[in-house]
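Here is a short briefing to read with the sequence and the model side by side.

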Amino acid sequence: MAAIEIASLPLPPSADASKFFDFGRELRNVNPGALTAEQFKEIEQLLYKHSVLLFRDVNLTPEQQYALVKAFDPTSESYGHGNFKTESIKKSILHPHLRTIPRQPQVQLIGHGVVYNHEGLAEAELQHPSHKTFHKTRVSEEDDAKGVTRFYRWHIDAALYDLAPPKVTALYGISVPQSPKQVCRYDDGTGDELEVPLGTTAFVSGKMMFEILPPELKSLAVRSKVKYAPHPYVWMATAGAKSNGLGIETDGLEPSLDELPSWEESKIQILPVLWKNPVTGCLHFIVHPCGVVELLVDPLPDGVKRNDALYPDGAHITDLQTVRDLLYKMQRPAIAPNLVYPHDWQEKDLILFHNRGVMHSVVGTFKPDQVRVFHQCNLAASDMPVGPDVVDVKNWA
Ligand SMILES: [Fe+2]
């Protein structure tokens, strides 16, 4: 069998290529729907090394998409947010954004517009997530008409309650409306903006997010864990997000924890801020800032002296504004326009991404007559992510 051809991703001019040397690859001369065992092994290594893999001109059934994602975690079974049987999930703000493929419930139909006779669904009305329903402020009607848009929400694909964060997500573009580029505006006081294809999926590297931090924030990150709210998507739904999609404004709009659907303490997730890559050993900064309620900081390890240390004796930070300010300070540098990969979707593109290594955001605003059809699959993992080890802490604290 011919070798898999490995090329770089098609970076836009906005991206600083020197920052993307190990990020993203396009794989050619291989059919991701029918991999041999050797091909899968190679692709698995490539995914963990490069975080995002693009395949073009792919034909992929929902069954094949599920099988491909499952191969990365063979004992995983249910969709990353569960298979949409419980009331709490139905109440979640994710629900209007996707429809389950009936015969392969781990694969979700997402996109925009009305879709007929699709994989067993007679009619599905889809809504591309829009910043207008999630951000505290919104782009004006005039700017909207000119094609100004925003990042919807920087996130990882994960329930962050009960179910373990999926290792891999597969996004498959079936119908992709073509249209002029839009301008994704950050509106966060920096003046940053990014030219993007309509409906791009924007990715940033969690490894870069850690690497570009100054030493005192690396020290804080390597010693920290975040605690997520129970049913975090229900909890965040009534609040207003920041204008660049990187977390929530603190206006006290979240429900109190006893107003949430019933929950169990044992299912709440406390996860390290840095997740260790299973192949490279690198540390990736992976935090879904919208769902975090508390920050738990370990003290500096014995023998480490650092004059600039934040919380040298450790801390349990429960003030929401402080928690969010600290996370924002650590995460915002990595979403700078030159560090974002906004994928320019073509029909039959398949993207596999390391969901424990990157953060991503939906972007863009579709018109009612623009029909977009995608299949998305990820699976609640069979294990929890691993944080920094003793050596990592020694190196970075
Ligand atoms: Fe996502």
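What is the order of the strands in the open sheet of three strands? The order is S7-S9-S10, and the pairing is mixed. Please keep in mind that this is a predicted model, in which local features need pLDDT of at least 70 and side-chain atom pairs count only at pLDDT 80 or more, while totals for chains, interfaces and linings use all residues. Residues are numbered from 1 along each chain as its sequence is written. Helices (H or I, at least four residues) and strands (E, at least two) are DSSP runs, numbered from the N terminus.

- In all, 33 residues of domain 1 are in contact with 30 residues of domain 2, where contact requires C-beta atoms, placed from the backbone, to lie within 7 Å.
- On the side of domain 1 that touches domain 2, helix H1 (37-50), helix H3 (87-91) and strand S20 (358-362) are the elements that give two or more residues.
- That side of domain 1 is made up of 13 nonpolar, 10 polar and 10 charged residues; Ala, Val, Leu, Ile, Met, Phe, Trp, Tyr, Cys and Pro count as nonpolar, Asp, Glu, Lys and Arg as charged, and the others, Gly among them, as polar.

**Helix H1**

- The 14 residues of H1 should span 20 Å at 1.5 Å a residue, and the 20 Å between its end C-alpha atoms agrees with this; the expected span is 1.5 Å times one less than the number of residues.
- Ile 43, Leu 47 and His 50 are the buried residues of H1, and a residue is buried if 20 or more other C-beta atoms lie within 10 Å of its own, exposed if 12 or fewer, and partly exposed in between, with C-beta atoms placed from the backbone.
- Strand S2 (25-28), strand S3 (52-55), strand S8 (168-175) and strand S19 (350-354) are what the buried residues of H1 pack against.
- Turned away from the buried side, the other face of H1 carries the exposed residues Ala 37, Glu 38, Lys 41 and Gln 45.
- Ser 51 follows H1 and has a positive phi, near 75°.

- Helix H8 (residues 320-331) has 12 residues and reaches 16 Å from its first C-alpha to its last, close to the 16 Å expected.
- Val 323, Arg 324, Leu 326, Leu 327, Met 330 and Gln 331 are buried in H8.
- Because the buried residues of H8 fall within an arc of 160° seen down the axis, they line one face of the helix.
- The cover over these buried residues includes helix H5 (206-211), helix H6 (215-222), strand S15 (283-285), strand S16 (292-297) and strand S17 (315-317).
- S16 runs antiparallel to strand S12 (residues 224-228), joined by five bridges, and Tyr 228 stands opposite Val 292; two strands pair if DSSP finds at least two bridges between them.
- S16 and S17 also run antiparallel, with three bridges, and Leu 296 has His 316 as its bridge partner.

- Strand S9 (residues 182-185) and S10 are antiparallel and share four bridges; Cys 184 stands opposite Leu 194.
- Lys 146 is in the loop between helix H4 (141-145) and strand S7 (148-149), and is exposed because 11 other C-beta atoms lie within 10 Å.

**A hairpin and its turn**

- Strand S5 (residues 107-118) and strand S6 (residues 121-126) pair in the antiparallel sense over five bridges, with Gly 113 opposite Leu 126.
- S5 and S6 form a hairpin with two residues between them, and Glu 119 in the turn has a positive phi of about 45°.
- Glu 119 counts as partly exposed because it has 18 C-beta neighbours inside 10 Å.

Conventions:
Two residues are in contact if their C-beta atoms, placed from the backbone, lie within 7 Å. The arc is that of the directions from the helix axis to the C-beta atoms.
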